Amino acid sequence: MKYLKIMAVILLPISLMQNAIAEIQFSGYGSIVAGKVISGEIDPSGEKEFQVDFYDYAFYTEDVKLKPETMIALQARADLLDNLTVTTQIVAKGADDFSPDIDWLYATYNFSDDFYIMAGRRNLPMYYFSEYMEVSFATPWLRPPTNLYWWEITQFNGLTLVKNFEFDEWSLSASIFGGREEREDISAHDYWRNRGGYYWPPEGTYVSGTADVTWSEILGVNLIASNDWMEYRFSYFTTHYETYADVFFMDEVDTNGDGIADITVERRYNADGTPIRSNSSSVTEFDLAFLGLSGNLGFDYFTLLFDYNFVSYDDGYGFEFPTFLVTAIYNHDTWQPYIGYTKAAGKITEDLDGFGVGDAEEHRMISLGLRYNFHSNASLKLQIDDFKDEGDRSPWYDFSYHNDATLLSIGIDFIF
Amino acid sequence: MANLLKNKPWIVVLGSISLSLLTINQVNAAVAVIVNPKNTSVFDKSTIKKIFLGKSKSFENGRPAITLSPEKSAPEREEFNRQVLNKSSNQVNAYWSKMVFTGKGIPPQEMASASEIISAIAANEDAISYVDANDVTDAVKVVATF
């Protein structure tokens, strides 16, 4: 937020100065989605949950819900000078009680037609669809598969330098980006914490809390090559990952001295009044590297999408996390049926305090859907996702457990 | 075969209607890519495709390309998307929503009619668009027909 205030202080006077010539263009996108888990296993929360959004911690249960993925975004774009543009996107999501957030706010300066810099807040270009993962109208599915798109960080504040080239029949785009992102009170971490957790507070049995995550020193590159019928993308970045939690203890107290605890007292603060924070460890503070190879092949009536990624943590576990997706879409003008398969697998490669090494988690998802383009600016999508945990649950049952679940969802995606 | 058709004249009638519909369609659907007569750049299908997907931002002559398009409902737009961009109109709409909301491009400016497109191109040396070939006038130069 502090960063956004600084941006506003810099950009507002420029926009006022140029007010006489600045023309503001408004556009936007949104989705109205209903979903329901139609079968699956009960997870530790006592429900059959299906996670769909890790940024805002949205999930479906066996009840029909409209709120988790229903959202709207408004984009405003102002050309301040011939070569300087400011763009913002205000996003209100049901998962966040429709509280409007400035998810994008950046200035673009064009050195030339094919060379520009973007400064400010943007989506982090991780996976193939990361930069527009919420513009569901632009993607084949109702949502990018959560086997890949599961991060609590999806945006960053920083700089992106882009250079486009042409080489024979190929169009090439190279970009480098750098910056950082901080998030506080992340709900999605409850999901992980309640399954074993990785926060180690001072001695005692802690119960829960809210997590803060910082990705600092983000530095990466994107290379995109496309020709008449195919596109390939290479993505790589590194960042320093830190997470801390404000945790609390449920102390059992013996008030009458009979040796049996008779009340439970919640303790959230240290003796000096500061919140009790988790300790820093090699599992909560480490370097992360992300590698991605993705693209699409466009045949006459079929599109094939693929996205392979490899995430490695330089943490105490030496955690490695390869994931991939493939989706085939049939492109009839009005109807676009699609089928997709995704897989994620996590491996522990270093022994931390006798925890051992080996496969830590593995899950796959099959998605089947139909997109009906009933209007040039809107589409109706019906989708079934079948998520299955294929991991060997011993000895890391709590660490790796993801409940099997099948989700039925229907939604309208639109742009304006 | 002749006997078969003799006994089933409706096949001949239906066949003729379908054929003529197809023919009419093809004649009507011819799309002419047009520029200002002063534009001396050379265009092939690949160049036109890159310009209309925002991948090329300038002409061969080095000047910036200003793209215009008919409205989304115009039949020549559907035809152009299929023939030149090799995409359905819905794929093109999805492509531009990706470009717009990631700040990487702006779609061609929509014009209400072929005559508006032709006037705009006649008035601007750097404009490029496409219209139904039957609507072309001397005010613009046709650089390709699909």
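This is a predicted model: local features need pLDDT of at least 70, side-chain atom pairs count only at pLDDT 80 or more; totals for chains, interfaces and linings use all residues.
User: How many helices and strands does chain A have?

Analyst: Chain A has 3 helices and 19 strands. Helices (H or I, at least four residues) and strands (E, at least two) are DSSP runs, numbered from the N terminus.

User: And chain B, in what order do its elements run?

Analyst: Chain B has 6 helices and 5 strands. From the N terminus on, they run α-α-β-α-β-α-α-β-α-β-β.

User: Which residues touch the most other members of the largest nonpolar core?

Analyst: A:Y29, A:Y127, A:Y132, A:V135 and A:F137 do, in a core of 35 residues. A nonpolar core is a set of buried Ala, Val, Leu, Ile, Met, Phe, Trp, Tyr and Cys residues joined through C-beta atoms within 7 Å. Two or more residues come from each of β4 (71-81), β10 (206-226), β11 (230-253) and β15 (320-330) of chain A, and from α5 (89-101) of chain B.

User: What does A:F137 contact, leaving aside neighbours within four places in sequence?

Analyst: A:Y29, A:S379, A:D413, A:F414, A:I415, B:A94 and B:S97. Contact means C-beta atoms, placed from the backbone, within 7 Å. There is also a second, separate core of 23 residues, which includes B:V35, B:F80, B:I117 and B:I128.

User: Now the interface. How many residues does each chain give?

Analyst: Chain B gives 22 and chain A gives 25. On the chain B side, α3 (45-52) and α5 each supply at least two residues. The largest share, 9 residues, comes from α5(B).

User: What classes of residue are on that chain B side?

Analyst: 4 nonpolar, 12 polar and 6 charged. Ala, Val, Leu, Ile, Met, Phe, Trp, Tyr, Cys and Pro count as nonpolar, Asp, Glu, Lys and Arg as charged, and the others, Gly among them, as polar.

User: Is A:S31 buried or exposed?

Analyst: A:S31 counts as buried because it has 22 C-beta neighbours inside 10 Å. It lies in β1 (residues 24-40) of chain A. Its C-alpha atom is 5.4 Å from that of A:M71, 40 residues apart along the chain.

User: Which residues of α6(B) are buried?

Analyst: B:A114, B:I117, B:I118 and B:I121, in a helix spanning residues 114-123. They fall within an arc of 95° seen down the axis, so they line one face of the helix. The arc is that of the directions from the helix axis to the C-beta atoms.

User: What covers them?

Analyst: The cover includes β1 (31-35), β2 (66-70), β3 (109-111) and β4 (127-132) of chain B.

User: Where is B:N86, and what is its phi?

Analyst: B:N86 sits in the loop between α4 (75-83) and α5 of chain B. Its phi is positive, about 55°, although it is not a glycine. Most residues other than glycine have a negative phi.

Notes:
Residues are numbered from 1 along each chain as its sequence is written. Chains are lettered from A and ligands numbered from 1 in the order in which they are written. A residue is buried if 20 or more other C-beta atoms lie within 10 Å of its own, exposed if 12 or fewer, and partly exposed in between; C-beta atoms are placed from the backbone. Two residues are in contact if their C-beta atoms, placed from the backbone, lie within 7 Å.
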